[in-house]
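Grab a pencil and work through the exercises below. Each one sets a task and then walks through the solution step by step.

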Amino acid sequence: MTNRTAARRYARALLDVAVQEGGDLQQVDTQLADFDHLITSNDELRRALLNPAVPAPRKRGAVSQICKAAQVGPIVMKLLVLLAERDRLVLLPELLAAYRAAVLDHQKVVRADVTTATPIGADRAQAIERSLSQLTGRTVHVSTRVDADLIGGVVARIGSTVYDGSVARQLAKIKARLTGAEGHSA
């Protein structure tokens, strides 16, 4: 099993437990992120917790003490101690990303990357958000960027799905039809 797959499984289980126990999903996210930041920002701690030569019981004890001192909630603490016992703390960054994606999915929220030829105002971004929400049946959070090569129109990417309403794409379609028609008329 790859690290990404394992991280997704742990994240899914964490979300399931948090939902069942009525936990605050944002607080779980914050506590996980804080612990990850603690490990990544402290070289000595990182070496101790991520080193396979350090016995798992010592890691478990260290993680338990850190969680108590930082007042980490029981849901996150159980997960972190479990990861320490299994020598899987290395998964934490991917687990955090997978947890955030799982929470968005649970809340029926998707992120859309919208590209336009020129900068758009907040009102236009909200209109695009509403249109994409109707199209997907989910709440959509839009992030925008500018690409002058589009000439005009909008390209929206939600996951692996691309909605291309750009002028450049329309011109490419017309060109393909015209060049395809020329080949048939000879």
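**Exercise 1. Count the helices and strands, then read off their order.**

Step 1: the chain holds eight helices and four strands, where helices are DSSP runs of H or I of at least four residues, strands are runs of E of at least two, and both are numbered from the N terminus.

Step 2: starting at the N terminus, the order is α-α-α-α-α-α-β-α-β-β-β-α.

Step 3: now for the overall spread. The radius of gyration is 23 Å, well over the 16 Å that the globule rule gives for 186 residues, so the chain is more spread out than a compact globule. That radius is taken over C-alpha atoms, and the rule is 2.2 Å times the number of residues to the power 0.38.

Step 4: along the principal axes, the C-alpha atoms fill a box of roughly 75 × 35 × 25 Å.

A word on ground rules: this is a predicted model, so local features need pLDDT of at least 70 and side-chain atom pairs count only at pLDDT 80 or more, while totals for chains, interfaces and linings use all residues. Residues are numbered from 1 along each chain as its sequence is written, and side-chain values use heavy atoms, with hydrogens and water left out.

**Exercise 2. Decide how far to trust the model, element by element.**

Step 1: pLDDT is the predictor's confidence in each residue, from 0 to 100. The chain averages 93, and 97% of the residues score at least 70.

Step 2: Where pLDDT is low, the predicted coordinates should not be read in detail.

**Exercise 3. Describe the chain's burial, contacts and charges.**

Step 1: of the 186 residues, 32% are buried; that means under 20% relative accessible area, with exposed over 50% and partly exposed in between (1.4 Å probe, protein chains only).

Step 2: Residues 24 or more positions apart account for 65% of them.

Step 3: for charges, Lys and Arg count as positive and Asp and Glu as negative, leaving out His and the chain ends. Each charge is placed at NZ of Lys, CZ of Arg, CG of Asp or CD of Glu. The mean positions of the 25 positive and 19 negative charges are 5 Å apart.

**Exercise 4. Is Lys59 buried or exposed, and what does Lys59 touch?**

Step 1: find Lys59 in helix α4 (residues 56-69).

Step 2: its relative accessible area is 1%, so Lys59 is buried.

Step 3: skipping residues up to four places away in sequence, Lys59 touches Ala48, Leu49, Leu50, Asn51, Pro52, Val54, Ala84 and Asp87. For Leu49, ten residues away along the chain, the C-alpha separation from Lys59 is 5.8 Å.

**Exercise 5. Where do Gln71 and Lys108 lie, and what is phi in Gln71 and Lys108?**

Step 1: recall the background. Most residues other than glycine have a negative phi.

Step 2: Gln71, in the loop between α4 and α5, has a positive phi of about 55 degrees. Gln71 is exposed, with a relative accessible area of 70%.

Step 3: Lys108 lies in the loop between α6 (92-106) and β1 (109-116), and its phi is also positive, near 60 degrees.

Note on methods
Contact means heavy atoms within 4.5 Å.
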